[in-house]
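Dear colleague,

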Amino acid sequence: MTKASIALSELAEKGADTDILREMLQFVAQRLMDLDVAGRCGAGYGERSEERENSRNGYRERRWDTRAGTLELQIPKLRKGSYFPGFLEPRRTAEKALAAVIQEAYIQGVSTRSVDDLVQAMGMTGISKSQVSRLCQEIDERVHSFLARPIEGEWPYVWIDATYVKVRTGGHIVSVAVIIAVGVNTEGMREVLGMAVGPSEAEPFWTEFLRSLGRRGLRGVKLVISDAHEGLKAAVRKVFQATWQRCRVHFMRNALAYAGKGQRQMVLALITTAFAQETPEQASAQWRIVANQLREKFPKLAAMLDDAEQDVLAFMAFPKAHRKQIYSTNPLERVNAEIKRRTDVVGIFPNDQSIIRLAGALLLEQNDEWQVQRRYMPLEGLIAMSDNQNPRISGVMNG
């Protein structure tokens, strides 16, 4: 393994992630044993073959204690001779080796040959490269089934953001966008809705991404919150006929760049007065007052305020109880930071599929963590936003 590989203890540092890791660890261990035994028998389970030299004779249970938790393994028994997987002894070394298999195949997207070398190091000589490739494919299927699952219910609020990673393509290293969409439904629960990888942020890319969410069932969208990504605003109106909220945090960073360092605090305080208003009308009136106050000294900043008024203040037309969570893409910051931390470890991805493997796996873990938490938003105002006014009441207690 390289220094860039992520330690098992690091992957398991968060409680909700540990369940995912333990499940994946057990899945991989069981599949490796099945493949190893098939190689030793000369044929797979239930397969008729003239090359068969042995056959199975049931299983025996064996507990395996790892840092991700205790796994209940079913070790295959053979009619001739005995079988015991080499990765169970010595335990600590084997655990590292098995974690390496998961990391290489599940996270880094390396070649089949590299994964095969790791499997051989575990003493499992009966596994072919094609079987290792199939194992990687099965792991990928778990991620893809999550990303392609049907979207049920109504989702009045959707946050979309992009982070950038490097990938090797056609002999060159290029930067691509990893697009993530998160939504809150009419029950106040938050979920990862989808992701996409693309070379461009032009309107066709955004339009196809939003349409893919629609094909999976996304409906009831009232507000989409994002940074000022090129083409997204038009795509939102075209696909969902929804309002677009420009991230207030990113806007303020851009706006303050027009003021000198010694004047930024004053400019920030002035613009913030518009956000403190009670109604959309009051906020717009105050916004124009501030723009006029700044116009003589900061004409470019005033012009920016004129152009951005409708998009930055869009959140004011929604329930007051929701405004703190819908004026920016901050709800996605932690998710993006975690993806960036892991992608920085990989450095340069070999292909787009390996990006989907890593980002998709992290999003799956995050989504499971959100499902056991309390409502992200209070129900106040959400039910009124429903198109059918009959949302299913969740069993999750509201904090």
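Predicted model: local features only at pLDDT ≥ 70, side-chain atom pairs only at ≥ 80, totals over all residues.

The protein chain has 399 residues, of which 52% count as buried. Its secondary structure consists of 14 helices and eight strands. Where contacts join residues at least 6 apart in sequence, 65% of them link residues at least 24 apart. The accessible surface is about 19,000 Å², and carbon and sulfur atoms account for 49% of that area.

The largest nonpolar core holds 59 residues, and the members that touch the most others are Tyr-157, Phe-251, Trp-287, Leu-305 and Ile-326. Helix H14 (residues 352-371) supplies the largest share of this core, with eight residues. Another core, of 25 residues, lies apart from it and includes Val-158, Phe-205, Leu-232 and Ala-242. Leaving aside residues up to four places away in sequence, the contacts of Tyr-157 include Val-182, Leu-223, Phe-318, His-322, Ile-326 and Met-385.

Helix H9 (residues 264-275) comprises twelve residues and spans 17 Å from its first C-alpha to its last, close to the 16 Å expected at 1.5 Å a residue. Its buried residues are Val-267, Ile-271, Ala-274 and Phe-275. Because these residues cover an arc of only 100° around the axis, they lie on the same side of H9. Helix H8 (248-256), helix H10 (280-295) and helix H11 (299-312) are among the elements that cover them.

With kind regards

Methods. Residues numbered from 1 in each chain as written. Heavy atoms only, no water. Helix = DSSP H or I, 4+ residues; strand = E, 2+ residues; numbered from the N terminus. Buried < 20%, exposed > 50% of the residue type's maximum accessible area, 1.4 Å probe, protein only. Contact = heavy atoms within 4.5 Å. Areas by Shrake-Rupley, 256 points an atom, 1.4 Å probe, with all protein chains shown as cover. Core = buried A, V, L, I, M, F, W, Y, C linked by side-chain atoms within 4.5 Å. Expected span 1.5 Å × (residues − 1). Arc of directions from axis to C-beta.
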